[in-house]
Every structure is written in C-alpha cells, then in structure tokens.
Amino acid sequence: MRNTTLCYLEQNEKYLMLYRNKKKNDLNAGKWVGIGGGFEHRESPEECAKREIYEETGLIVNELNLRGIITFDNDMSETEYMFLFTSKSFEGSVTSDCNEGDLAWIDKKDILSLNLWEGDKYFLKLISEDSPFFSMKLSYSKDKLVSVSVNGKLLNE
C-alpha cells in the first residue's frame with residue numbers, strides 16, 4: 001500500500017497545476033495534476049503535503065483543508081491512498097524550475113479540458129462544488145477507469 005497527497009492551490013479562481021513532462025518513466029507523463037507526492041518516513045498527511053508543495057513550487061502553505069481520501073485500485077500496481085487537500089493560504093513565489101514538469105495557473109473553468117486522469121475529474125467536480133469531506137474509490141484496469149464510488153456508493157461501472 002502506498003500513501004500520497006495531492007493539493008490544489010487556489011488563487012483568483014485558478015488552480016496551480018503541474019504538467020508532468022520532465023521525469024523519466026513517469027506514470028503521470030503528459031498529464032496535468034495537482035501538487036503532491038509520496039509520504040516520507042514518519043510524515044503526517046499535512047507534513048507530506050506541505051513538503052511536496054514547497055519542493056515542487058517553492059510556496060509555503062499556511063493552511064490546508066483536507067477534502068477527501070481517494071483509494072486508487074489498479075491491476076498494474078499496489079493500492080494507493082491519496083489524501084486530497086485544497087489551500088487558498090500560502091506565500092512566496094512559484095518556482096520556474098520544478099524538476100517534475102511545468103507549473104501553470106489554470107482557470108478553474110478550464111481544468112476539465114486538460115489532459116487529466118479520468119478519475120481526477122470526479123474529485124475535481126466534488127471540490128469545485130465545495131462538497132463535504134468524502135471518500136472515493138477509483139478503480140483502473142491499466143490506464144482505463146472502470147469504476148467510481150463515493151462514500152461507498154457506486155457511480156459507474
């Protein structure tokens with residue numbers, strides 16, 4: 001089992017997005033994602049998110065809002081539990097040298113038109129609607145989304 005974080009930093013009706021195009025053998029290559037990554041030894045979800053945000057963007061987060069927990073089930077890798085955060089409270093300047101890809105502020109209304117993982121669209125919709133805390137399970141077969149459930153209720157199959 002793998003634990004990760006993902007955060008959508010919000011400013012002026014835009015999210016800071018990362019276009020993954022710099023790492024070799026990157027599962028996310030060619031995709032737009034939020035900011036985050038894997039836990040280090042003894043980190044809490046908040047500590048991991050703040051560290052990853054600083055490493056990838058140069059921004060220091062003052063406040064995080066835990067929005068949900070996403071379970072990724074994939075027939076090609078181990079199960080992943082991702083803690084999903086949003087934040088409007090951060091300081092500093094965005095780095096121009098992220099080693100994982102290119103950072104860009106994208107209008108929230110344009111996010112779903114980007115090359116995203118299909119499952120990301122489901123949790124992005126929930127956070128854009130300011131839904132209460134949720135648990136979501138996204139099941140993939142290879143790169144194809146095969147089922148989505150929210151709070152134990154199956155949405156598609």
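Analyst: A word on charges first: Lys and Arg count as positive and Asp and Glu as negative, while His and the chain ends are not counted. With that in hand, let's look at this structure, which is a predicted model.

User: Happy to. What makes up the charge tally of the protein, and how far apart do the centres of the two sets lie?

Analyst: There are 20 positive and 27 negative side chains, and the centres of the two sets lie 3 Å apart.

User: Which elements does the protein have, and how do they run from the N terminus on?

Analyst: The protein has two helices and 10 strands. Their order from the N terminus is β-β-β-β-α-β-β-β-α-β-β-β.

User: Why is the protein called as compact as a globular protein of its length?

Analyst: Its radius of gyration is 15 Å, and the globule rule gives 15 Å for 157 residues, so the protein is as compact as a globular protein of that length. The C-alpha trace spans about 40 × 35 × 35 Å along the principal axes, and 46% of the 157 residues count as buried.

User: Let's get local. Why is Lys 31 called buried?

Analyst: Lys 31 has a relative accessible area of 17%. Buried means under 20%, so Lys 31 with its 17% is buried.

User: Where does Lys 31 lie, and which residues does Lys 31 touch?

Analyst: Lys 31 lies in the loop between strand 2 (14–20) and strand 3 (32–33). Leaving aside residues up to four places away in sequence, Lys 31 touches Leu 18, Tyr 19, Arg 20, Asn 115, Leu 116 and Trp 117.

User: And why does Asn 12 count as exposed?

Analyst: The cut-off for exposed is over 50%; Asn 12 has 68% relative accessibility, so Asn 12 counts as exposed. Asn 12 is found in the loop between strand 1 (2–11) and strand 2. Its phi is near 50 degrees, a positive value in a residue other than glycine.

User: What makes Lys 142 count as exposed?

Analyst: Its relative accessibility is 54% and the cut-off is over 50%, so Lys 142 counts as exposed. Lys 142 is found in the loop between strand 8 (134–141) and strand 9 (144–150), with phi near 55 degrees.

User: How do you know that the side chain of Asn 74 makes a polar contact with Met 76?

Analyst: The side chain of Asn 74 reaches the backbone nitrogen of Met 76 at 2.7 Å. A polar contact needs N or O atoms within 3.5 Å, so the pair at 2.7 Å qualifies. Asn 74, in strand 5 (residues 60–74), also touches Tyr 140 and Lys 142.

Technical notes:
Residues numbered from 1 in each chain as written. Predicted model: local features only at pLDDT ≥ 70, side-chain atom pairs only at ≥ 80, totals over all residues. Heavy atoms only, no water. Helix = DSSP H or I, 4+ residues; strand = E, 2+ residues; numbered from the N terminus. Buried < 20%, exposed > 50% of the residue type's maximum accessible area, 1.4 Å probe, protein only. Contact = heavy atoms within 4.5 Å. Rg over C-alpha atoms; globule rule 2.2 N^0.38 Å. Charge placed at Lys NZ, Arg CZ, Asp CG, Glu CD. Polar contact = N/O pair within 3.5 Å; in protein donor to acceptor, adjacent residues only side chain to side chain.
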